[in-house]
Amino acid sequence: MDIDGGSPRLIALDVDGTLLKTGAPVTDRVVAAVRSAVAAGSQVVVSTGRTVMTTRPVLDQLGLVRGHAVCSNGAVQIDIEAAEPVGVHSFDPLPAVTALRELFPDMIFTAEQVGKGFWATGMSPGEYYPGGEYVVVDYETLCSVPTPRLNCWWPEGSVTEMRRLLETLAVPDISWVYGEFGPWLTISREGVSKGWALERLRRTLDIPREATLAIGDGFNDREMFAWAGRSVAMANAPTELHAVVDEVTADVTADGVAAVLERWF
């Protein structure tokens, strides 16, 4: 995709570190760029690791009142106008929790409960939980129901050591992605990712792959980058992601999303 080849018709935008700096609102410039894209007829799809509840305030800020959003790294899709999930792709967390506890005995797990919040085996730092419950439970309770997403934090560990130990992990039917900062791990059902969910949506909307654009900043955006006709990483993304995209835009604090969208809209 280039400027002369027509504007993107399906635009996937990550939230934290992309649309906004975590804890801050979306800037007026980014809001204006997104609304201009929607007014021009493009499908703007917020594609995030956030839950449905924590995604809704961002949709409100952007003025997105209809269309689709991809939450929980692709495991939950919502119809914005209906304000409810239309697809939830869960897995049994017990095998993963059992195997990870053998590798990381002090690991803390949080399992998403769609529309409610999280069940957790302890308190985890750096998470974004407003609008939902955070209930500390035992391991048996946490593993008693399927979940679309399992977050894992190793309190005393390092990223390097976590990655080394995970080379020995063999649990069927799951996929995982590392966090950008610290010894974090996010687990989903095998094959579920932002890119997977966006491809399902692209086919439903019958939009050509070459007319798709994705902008993100995290390791959970890798599959989304590979999916898109044009992929853009934020300047604040890990440098190894800069090598797998078509373009690097400005930092989130410099409205990098707007800088890209303003070329067409």
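Reply: Start with the elements. Helices are DSSP runs of H or I with at least four residues, strands are runs of E with at least two, and both are numbered from the N terminus. By that rule, Thr 212 sits in strand 12, residues 212-216. This is a predicted model, where local features need pLDDT of at least 70, side-chain atom pairs count only at pLDDT 80 or more, and totals for chains, interfaces and linings use all residues. Residues are numbered from 1 along each chain as its sequence is written, and side-chain values use heavy atoms, with hydrogens and water left out.

Me: How many helices and strands does the protein chain have?

Reply: Nine helices and 14 strands.

Me: Why is Thr 212 called buried?

Reply: Buried means under 20% relative accessible area, exposed means over 50%, and partly exposed lies in between (1.4 Å probe, protein chains only). Thr 212 has 0% relative accessibility, so it counts as buried. As for distance, Thr 212 and Thr 51 are 161 residues apart along the chain, with 24 Å between their C-alpha atoms.

Me: What makes the radius of gyration agree with a compact globule?

Reply: The radius is taken over C-alpha atoms, and the globule rule is 2.2 Å times the number of residues to the power 0.38. For 265 residues the rule gives a value near 18 Å; the protein chain has 18 Å, so the two agree. The C-alpha atoms fill a box of roughly 55 × 40 × 35 Å along the principal axes. Of the 265 residues, 52% count as buried.

Me: What makes helix 1 roughly perpendicular to helix 2?

Reply: Axes are lines fitted to C-alpha atoms, for helices over the stretch in contact, and angles run from 0 to 180 degrees between N-to-C directions. The axes of helix 1 (residues 28-39) and helix 2 (residues 52-62) come within 9 Å and cross at roughly 75°. Under 35 degrees counts as roughly parallel, over 145 as roughly antiparallel, 65 to 115 as roughly perpendicular, and the rest as oblique. So helix 1 is roughly perpendicular to helix 2.

Me: Which residues make that contact?

Reply: Contact means heavy atoms within 4.5 Å. Helix 1 brings Val 31, Val 34 and Arg 35; helix 2 brings Asp 60, Gln 61 and Leu 62. Ala, Val, Leu, Ile, Met, Phe, Trp, Tyr, Cys and Pro count as nonpolar, Asp, Glu, Lys and Arg as charged, and the others, Gly among them, as polar. The contact residues divide into three nonpolar, one polar and two charged.

Me: What do the buried residues of helix 2 pack against?

Reply: Helix 1, strand 2 (43-47), strand 3 (68-71), strand 4 (76-79), strand 5 (84-88) and strand 7 (117-120). The buried residues themselves are Val 52, Met 53, Thr 54, Thr 55, Val 58, Leu 59 and Leu 62. Just after helix 2, Gly 63 takes a positive phi of about 75°.

Me: Why does Ala 37 count as buried?

Reply: Ala 37 belongs to helix 1. Its relative accessibility is 0%, so it counts as buried. Beyond its neighbours within four places in sequence, Ala 37 is in contact with Ile 11, Ser 42, Val 44 and Phe 265. Trp 264 is 227 residues from Ala 37 in sequence and 8.0 Å away in space, C-alpha to C-alpha.

Me: Why is Val 45 called buried?

Reply: Val 45 lies in strand 2. Its relative accessible area is 0%, so the label is buried. Leaving out residues up to four places away, Val 45 touches residues including Leu 10, Leu 13, His 68, Val 70 and Leu 201.

Me: Why is Ser 231 called buried?

Reply: Its relative accessible area is 2%, so it is buried. Ser 231 is in strand 13, residues 230-234.

Me: Asn 73: buried or exposed?

Reply: Its relative accessible area is 8%, so Asn 73 is buried. The residue lies in the loop between strand 3 and strand 4. Asn 73 has a positive phi of about 55°, though it is not a glycine.

Me: And Asp 206: buried or exposed?

Reply: Its relative accessible area is 65%, so Asp 206 is exposed. Asp 206 is in the loop between helix 6 (194-205) and strand 12. Asp 206 is not a glycine, yet has a positive phi of about 55°.
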